[in-house]
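Please look at the sequence and the structure below.

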Amino acid sequence: MTTAFAPLPTTASASGSVASTTTESIVFAPTPLQAYLMRIGDTCLIHTQRLAEWSGHAPILEEDIALTNLALDLVGQARALLTHVGRQTGFDEDQLAFLRNERDFRNVTLVELPGRRAGRDFADAVVRNFLLAAWMNVLWSKLESSSDAEIAAIAGKAVKESRYHVAHAADWVVRLGDGTDESMRRTRQAVDRLWPYTAELFETDGIDTAAAEAGLGPMRVSLKAEWDAIVAPVFAEAGLNIPATGAFRSTGTRGVHSEHMGYLLAEMQTLQRTLPGGQW
Amino acid sequence: MSEHARAASPRVEHAWRVLHDVLDPEVPAISVTDLGIVRDVIAHDDGLEVVVTPTYSGCPATEVIAQSISDAIDAAGLGPARVTQRRAPAWTTDWITPEGRDKLRAYGIAPPGSCASEATAKVSPSEGRTRGLASSPSGGSDGRSVGAPFRPIRLMARNVDCPRCGSAQTERLSAFGSTACKSLYRCVACREPFEHFKPI
């Protein structure tokens, strides 16, 4: 293992003012097909970051291990996708993860919403895990027949991992939802907080259409029926109602993020921004 | 697998024997060939190519495994070797060899059941409630049978025997374990905790 940090930039100029030590962001201008893949890769990546916040803090040791193991699978999936798009665009996975600006991330907003650090409940983590894992599972199963052989191969592995994620998350949704009065109350609150962000998972735009026409992957709207078929019976078992979908639409997949995204990126990117190319 | 090439080249044959002793860094009881991740060894003019299929997307041992393989081939005088990745078809625990399963058991890790047979296994009545999802007719090892909804993990079918005393009376303690590929169990008969290699 090598440690190869570039020398620390000088932080004070001759005049005594503090100069910026922040690395320039990359200029990333993906094609619609590349943007389609970045939506998936970024969703895995940002979900990983939020799950990792639970490391050392989950309510029980087994779940601490579980959440970080889920994150491990997800970061592997993110790396595969970012590396694949990076080969087409001249960047490596680290540049794409750590040197893009907020507007260049295309994850669904659901995954960037506050987690443990902001005092959000464990129930929020459980419900988000479940809703996301179910969506990823349906998505990966369709990407197995992608016209892009590398994407089909990545999906072939990821779909198996996502099955275990769904089963594990479903276990907790039922345990909390059908648990004590307190756990049910907090799980219902989590569902009410998160549900409005699920509409974005099934929207359609030009990027989806381009991907579907190229055979690269499915339009998000086509995932809805199968997602419902996973979510509904687990919610029923948990005693949770499926809320009505209102008019609100989150826009992370278009690069317009919630107010929480900047803080998340600041933490995620600070090391590579400060020590460009650092390895360990 | 290029069985033809293996038979044709003593160098490739030798390389397979070398790989048989390259241990998985996270489960150092079994080798990379026991694990079934070495898919091919190809002799090129400029060296050997070892084709490896990763176990889990995020397995942190991937780089170490590639280095170990390359080092072992070099040490045996068969180098240079380069390790390449083949993602498809995806690795499955069904590729773990019978010898690998025996080694896992001897090391105290319950080997994975076959993905195909687990899919038809029934949930025992003691493993969950009898209403709702628990009364679904069948569930795969991955919590899903064709056309059926996902099942909460505690209701999944399991038939994991204790690797120490062989008892079938075991219970799951944790869905995840010390590495991505394992979960944690306890034997009700001999009271020993043990790890289980998850079928995938």
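The sections below cover the model, the interface, the salt bridges and the cysteines.

## The model

This is a predicted model, in which local features need pLDDT of at least 70 and side-chain atom pairs count only at pLDDT 80 or more, while totals for chains, interfaces and linings use all residues. Residues are numbered from 1 along each chain as its sequence is written, chains are lettered from A and ligands numbered from 1 in the order in which they are written, and side-chain values use heavy atoms, with hydrogens and water left out.

## The interface of chains A and B

In chain A, 33 residues are in contact with 36 residues of chain B (contact means heavy atoms within 4.5 Å). The two chains bury about 3,000 Å² between them, 60% of it on carbon and sulfur atoms. Buried area is the accessible area (1.4 Å probe) that two parts lose on being put together, summed over both. On the chain A side, A:Lys157, A:Tyr164 and A:Glu237 lose the most area to chain B, together 23% of what that side buries.

Across this interface there are two salt bridges (a side-chain nitrogen of Lys or Arg within 4 Å of a carboxyl oxygen of Asp or Glu). A:Glu150 forms a salt bridge with B:Arg87, with the closest N and O atoms 3.1 Å apart.

## Salt bridges within the chains

Over all chains, the count is 26 salt bridges. B:Arg82 pairs with B:Asp46, the closest N and O atoms being 3.7 Å apart. B:Arg82 lies in strand E3 and B:Asp46 in the loop between strands E1 and E2 of chain B, so the pair ties together parts that are 36 residues apart in sequence. Strands (E, at least two residues) and helices (H or I, at least four) are DSSP runs, numbered from the N terminus.

B:Asp102 and B:Arg105 also form a salt bridge, at 3.1 Å between the closest N and O atoms. Both lie in helix H4 of chain B, three residues apart, about one turn of the helix. In chain A, a network of salt bridges links A:Arg39, A:Asp205, A:Asp208 and A:Arg220.

## Cysteines

How many disulfides are there over all chains? The count is zero, a disulfide being a pair of cysteine sulfur atoms within 2.5 Å. For B:Cys59, the nearest cysteine sulfur is that of B:Cys181, 6.9 Å away. B:Cys59 is buried, at 14% relative accessible area, and B:Cys181 is buried at 12%. Buried means under 20% relative accessible area, exposed over 50%, and partly exposed in between (1.4 Å probe, protein chains only).
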